[in-house]
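My entries follow the order in which I looked.

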Amino acid sequence: MNRLQNEGIAGWYRGLSAALLTVPTHYAIFFPVYDQIKKNGNNKVFASVVAGAVSEIFTNPFWVVRTRLQTHHLHFTSSSDYGLLNTFRDIARKEGFLGFYKGFGATLLALVQVGIFMPLYEVLKAESVYGDTSLGILCASSTARVVAMTISYPIEVLRTRFQDQRAVGTNRKYTGIFSAIRLILKEEGGLAFYAGITANLTRIVPNTAACLLGYEWTVYLFQNED
């Protein structure tokens with residue numbers, strides 16, 4: 001409610017422009033790479049991790065920009081005229097190219113999530129009483145995402161902390177993954193690693209279910225055209 005009072009309705013949509021660029025790009029890279037690696041005889045865990053790594057290399061700058069847009073009001077008193085292009089320019093000018101890859105180490109660790117999610121999704125879909133129906137796909141993808149995110153969410157917290165870190169050099173609060181873990185535990189306690197998980201599950205589970213449903217039906221349509 002504080003964001004609604006301080007920033008109005010627009011505050012709830014900060015970072016949407018970056019997300020609209022990033023999510024389609026992420027899936028457009030992930031699924032073709034995943035399918036190709038899987039077709040070459042590699043196991044699903046390997047395929048999902050490699051596909052996730054490739055997509056994150058291309059999309060990490062947009063995730064950083066989205067995080068900066070979402071948290072801008074926490075660092076500055078005025079955020080009404082701060083948009084997507086301003087954020088890109090600001091990061092490039094003050095932090096250089098590597099500024100767009102802050103949190104990338106945590107991002108690579110977060111591939112644990114996709115390494116759990118896709119194989120688990122495939123198993124749940126195959127074992128579902130609903131089979132390859134829309135309901136089966138929705139149930140399997142939603143369940144797999146909840147499990148994968150719950151296990152890997154502390155890494156998501158770390159990634160967000162690094163991406164939101166605007167200081168450079170010795171002024172950085174978080175200098176590495178292990179030092180960040182120790183500092184968060186010391187200052188905020190273990191529950192800090194699950195802060196915001198309810199909001200994230202509410203956002204990402206429907207998103208994932210819709211994407212997987214669209215992906216499965218697209219594959220089905222193309223296969224039946226051959």
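Does Ser48 count as buried or exposed? I kept in mind that the model is a predicted one, and I found that Ser48 has 0% relative accessibility, so Ser48 counts as buried, the cut-off being under 20%.

I then placed Ser48 in helix 3 and looked up its surroundings: leaving out residues up to four places away in sequence, Ser48 touches Phe30, Tyr34, Val114, Gly115, Met118 and Pro119. A polar atom of the Ser48 side chain lies 2.9 Å from the backbone oxygen of Val45.

My next entry concerns Ser55, which is placed in helix 3, residues 44-75, and which counts as buried because its relative accessibility is 0%. The side chain of Ser55 makes a polar contact, at 3.2 Å, with the side chain of His26, and, with neighbours within four places in sequence left aside, Ser55 is in contact with His26, Ile29 and Phe30.

I turned to helix 6, residues 111-127, and checked its length: its 17 residues should span 24 Å at 1.5 Å a residue, and the end C-alpha atoms are 24 Å apart, which agrees. Among the buried residues of helix 6 I noted Val114, Gly115, Met118 and Pro119, each of which is also touched by Ser48.

I located Ile9 in the loop between helix 1 (2-7) and helix 2 (16-39), and Ile9 counts as exposed because its relative accessibility is 57%, the cut-off being over 50%.

Notes
Residues are numbered from 1 along each chain as its sequence is written. This is a predicted model: local features need pLDDT of at least 70, side-chain atom pairs count only at pLDDT 80 or more; totals for chains, interfaces and linings use all residues. Side-chain values use heavy atoms; hydrogens and water are left out. Helices (H or I, at least four residues) and strands (E, at least two) are DSSP runs, numbered from the N terminus. Buried means under 20% relative accessible area, exposed over 50%, partly exposed in between (1.4 Å probe, protein chains only). A polar contact is a pair of N or O atoms within 3.5 Å; within protein, one must be able to donate a hydrogen and the other to accept it, and residues adjacent in sequence count only if both atoms are side-chain atoms. Contact means heavy atoms within 4.5 Å. The expected span of a helix is 1.5 Å times one less than its number of residues.
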